[in-house]
Amino acid sequence: YLDAGADIIETNTFNSTTISMHDYGMKSLVPELNREAARLAREVADEFTARDPTRPRFMAGILGPTNRTASLSPDVNNPGFRNITFDGLVAAYAEATQALVEGGVDILMVETIFDTLNAKAAVFAVQQFFDQIGQRLPVMISGTITDASGRTLSGQTTEAFWNSLCHIQPLSFGLNCALGATQLRPYVAELARIADTHVSAHPNAGLPNAFGEYDETPTQMAAIIREFAESGFLNIVGGCCGTTPVHIRAIAEAVRDLPPREVPHIEPRCRLAGLEPLDIGPDSLFVNVGERTNVTGSAVFKRLIKAGDYNAALDIARQQVDNGAQIIDINMDEGMLDSKEAMVTFLNLIAAEPDISRVPVMIDSSKWEILEAGLKRIQGKPVVNSISMKEGEAEFVRQARLIRRYGAAAIVMAFDEQGQADTEERKFSICRPAYHNLN
C-alpha cells in the first residue's frame, strides 16, 4: 500500500478489544495484539520515510466499533436491555489505546462507527488517556452509513453524527465502508459543507455481489473519487472493503494534481442532536422544550413512572414530539423513586423509539450522579440541565469539563453570595472567571 502511494497505513487492530476478543477466548492477548500491530506498521512506515525523507509516511492506530452496541438492545423483546455499558466500552478502548500508543502510532482513528455512543466511549477513553500521559495525538473519526436511508445503523443522520462527536476536535471527520463511492457521495458532500475540520472518505470498491465479492475496478473507483476531489469534498481519501494496492495506486494518481478541500469557517451555534440535528443560532425562534416527561412538572408522568408503566410514559414523550417539542426534558427527581435507575431505564427505552429519539434530550436533575448516568446512555448531543456555582468554582469546572467530554451542552445556573443571578450583568460577572478557567 505504501509502494502504491499511501501516506497513511492503518494497524490491523479492528477487533483488538477485550469486548470483541472475548468470543475467541483471547482477551488476555489484546495489549500484545495492539502493541505488535503498531510496531510492525511503524517499522514499515519508517522504512518508506527513510527512503524519501521529503515524504514522511504515517501510521494510524485503529479502534474499531466492537461487536456490541450501546445504543440498541440485542433482544427484540426487551428494548431497554443492553449487553454492554459505556463504562465497559471506555475500559476496553483505554486498554487498546495505551497499547497502540506504546507501539508507536502517529494517529488514533476511531473508524467504521455504526453506533455513535460506542464512538463517544472511544473518544472519552482516548481523551482520558491523553490526560494521563500529558500528550495529545491527532484523532481521526470515520463513521459508516449503512444503507440508502443515509443513516448509521443506530439511526443518526450525517449531520447529527457530526454534532455528536465534533467536541473532540478531530484532525479529520469522514465516512468509510458499507457503501461504494457512488452511494456515499451525498453524505461526503454533506460533511464537506458542515465540518470545520478535514474530511476523509475511504469507501468500498462498490457494493458486494451475491458472493460477497467487490466488483468495482480500480479505474472505476478512481474516476468516482476524482470527481469527489474536483467538487472540493476531500482532504484525505483511501479505500475500504474490496480495495487492493492497485485501487490505491489508481486513486492516488487520480487525485494527485487536485487541491485538497479548504476547511471552511463555520458559524458558532449551539449544535445538538438526537437521531437528527438541532442547530440553534441568532436566527432561531424560541426552542420548544417538552416538559411533560418531568416528574416534578407532570403528575400523570410521575404516576406512570412510580407504577413502572414505562410504555405509557413513552406515549407522553411521543405526544410531546408530535406536538412540536424540539427537545424533551427528562427529570426523575422524586423522593419515592430510584431516580438514577428510572433515568437509565427511560433513556434506554427512548433509544428504541425513533419517533421520540429523533429530537435531542435534556437530562434534568439536581444530582450529578443522575446527570452523569444519563450522559452515558445518549448517542446524540444532549443538554444537561443544569450545573451551578453553588458548590464552588472547582466543582463547577470539573463537572463542565466532564460534560464537554461526554459530548453534551449545558445550562448553567449562576449563583454567588447574594444568591441566583437575576440580571444579565450579574450572570456574566459570576460565570466569566469560571469560563476562562474551563478553557
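## Cysteines

In this predicted model, the sulfur of Cys270 lies 11 Å from that of Cys166, the closest cysteine sulfur, and this is too far for a bond. A disulfide would need the two sulfur atoms to be within 2.5 Å, and a search of the whole structure accordingly finds 0 disulfides. Cys166 is likewise in no disulfide, with the sulfur of Cys270 as its nearest cysteine sulfur. Cys270 is partly exposed, its relative accessible area being 32%.

## Helix α7

Helix α7 comprises the 13 residues 218–230, which at 1.5 Å a residue should span 18 Å, and the 18 Å between its end C-alpha atoms agrees with this expectation. Its buried residues are Pro218, Met221, Ala222, Ile224, Ile225, Phe228 and Ala229; because they cover an arc of only 165° around the axis, they are on the same side of α7.

These buried residues pack against α6 (181–194), β6 (198–204), β7 (236–237) and α8 (245–255). Just after α7, Gly232 adopts a positive phi of about 80°.

## Nonpolar cores

The largest nonpolar core contains 110 residues, and those with the most contacts inside it are Ile141, Val188, Ile305, Ile328, Ile330, Met332 and Phe346. Helix α4 (residues 116–133) gives the most to this core, contributing 10 residues. Apart from this core lies another, of 6 residues, among them Leu272, Leu278, Ile327 and Ala409.

When residues up to four places away in sequence are not counted, the residues that Ile141 touches include Val110, Ile113, Val123, Phe161 and Leu165, and also Ser172, Gly174 and Ser200.

How values were computed
Residues are numbered from 1 along each chain as its sequence is written. This is a predicted model: local features need pLDDT of at least 70, side-chain atom pairs count only at pLDDT 80 or more; totals for chains, interfaces and linings use all residues. Side-chain values use heavy atoms; hydrogens and water are left out. Helices (H or I, at least four residues) and strands (E, at least two) are DSSP runs, numbered from the N terminus. The expected span of a helix is 1.5 Å times one less than its number of residues. Buried means under 20% relative accessible area, exposed over 50%, partly exposed in between (1.4 Å probe, protein chains only). The arc is that of the directions from the helix axis to the C-beta atoms. Contact means heavy atoms within 4.5 Å. A nonpolar core is a set of buried Ala, Val, Leu, Ile, Met, Phe, Trp, Tyr and Cys residues joined through side-chain atoms within 4.5 Å.
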